[in-house]
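Visitor: I have a structure open and would like to learn how to read it. Could you take me through some features one at a time?

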Amino acid sequence: PIDVDQLRNVVTQICRKQPSKKTEAVNNKKIITEQFVFDGIRGSDKTINGIFEVLRRVAKTNISVLIEGDSGTGKELLARAVHKNSNRASNAFMPINCAGLSESLLESELFGHVKGAFTGAATDRKGLFELSDKGTLFLDEIGDMPMNMQAKLLRVLEDGVVVPVGGHKPVVVDVRIISATNRDLTNLIEDNKFRQDLYFRIKGVSVTLPNLAQRREDIPELVRYFIKEAADEIGSNVKGITDTALMILSNHNWPGNIRQLRNCVKTMVVMCDRDKIDVHDLPPEIHQQRPLLTAGSRVGGDLGGVPLNEIEKQAIIDTLTRTENNREKAAKILGIGERTLYRKIKEYDL
């Protein structure tokens, strides 16, 4: 017979020996939060970590997920992360851009078609619902889906059955839906451009990705990650970036978000012939759009001819203002050590 007290003591000792999983382990490839892996997604911003926590909780379920956010913020990366950490990970992840196809083509892509259904349909063809059976279907830019297609999609989501275009035989499917949009679906519903019943069907759990300008403190980490990624891809010797160049990148607005930053870094890695990216390696548009504060006033203009120490000094002032003089946060945003920041504050008499 089991001695309950002895069993309880043994289990308690085992639990005490287990490492805590409620910490974040960061390496040069991925972020792990309680066993939830985000390949290619970087960031320590509290909003981003809140999103990670929500998706970690729903990954193992079959709940539909709606990811909102501007173009280039990493919506598909998050969708893939949810799939990889779900019970469907061994099956297909099928993405489709709902904005890039006509209504008839979108219907054929999603539901498939039979031979002779329309001109050019020479053979039977399975749609993405069938191809992603037991897996995940990612509906990107769902806010741009035509209204007629929204009604057909809703029927499939409710019944779990698709009928190929031109066919009559229903096909039962088991598919998890992850949707993404850069539009405000509630406004589209008010304008009668998006079905409210479909909205509630796809919005099992909803998260909104912030713009890169709203999480500037993550830019240094993203830049270093993209440098390594690009260098590994093209076989470059570039291994880092100077503090001044990094400060300029960190203070840029990045209207194209992470996608724009990644492409910018990759171009710089390709063009750089040294082991560190410097200010003169930055694309011209970064200089042209970078505002410079002098004597307490914002003056538009390019940074050509401005001494590097003035750029550095102003970047430190801007960052300390933004962080309400939190030097630990400021050093992290600037991509330098706290001791270095203290030394520069003293040097510039700030």
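Visitor: Is Asp232 buried or exposed?

Guide: Buried means under 20% relative accessible area, exposed over 50%, and partly exposed in between, with a 1.4 Å probe and protein chains only. Asp232 has a relative accessible area of 55%, so Asp232 is exposed. Lys228 counts as partly exposed because its relative accessibility is 33%. Keep in mind that this is a predicted model, where local features need pLDDT of at least 70, side-chain atom pairs count only at pLDDT 80 or more, and totals for chains, interfaces and linings use all residues. Residues are numbered from 1 along each chain as its sequence is written, and side-chain values use heavy atoms, leaving out hydrogens and water.

Visitor: In what do the side chains of Asp232 and Lys228 meet?

Guide: They meet in a salt bridge, 2.7 Å from N to O. A salt bridge is a side-chain nitrogen of Lys or Arg within 4 Å of a carboxyl oxygen of Asp or Glu. Asp232 and Lys228 are four residues apart in helix H9 (residues 219-234), so about one helical turn separates them. Helices (H or I, at least four residues) and strands (E, at least two) are DSSP runs, numbered from the N terminus.

Visitor: How many salt bridges are there by this rule?

Guide: The count comes to 18. One of them joins the side chains of Asp174 and Arg88, at 2.8 Å from N to O. This pair links distant parts of the chain, 86 residues apart: Asp174 is in the loop between strand E10 (171-172) and E11, and Arg88 is in the loop between H3 and strand E5 (93-97). Asp174 counts as partly exposed because its relative accessibility is 33%, while Arg88, at 8%, counts as buried.

Visitor: Which residue's side chain does His83 join in a polar contact?

Guide: A polar contact is a pair of N or O atoms within 3.5 Å; within protein, one must be able to donate a hydrogen and the other to accept it, and residues adjacent in sequence count only if both atoms are side-chain atoms. Here the side chain of His83 joins that of Thr136 at 2.8 Å. His83 lies in helix H3 (residues 75-84), and at 5% relative accessibility it counts as buried.

Visitor: Which residues is His83 in contact with, leaving aside its neighbours within four places in sequence?

Guide: Contact means heavy atoms within 4.5 Å. With those neighbours set aside, His83 touches Arg88, Ala89, Asn91, Ala92, Phe93, Gly135 and Thr136.
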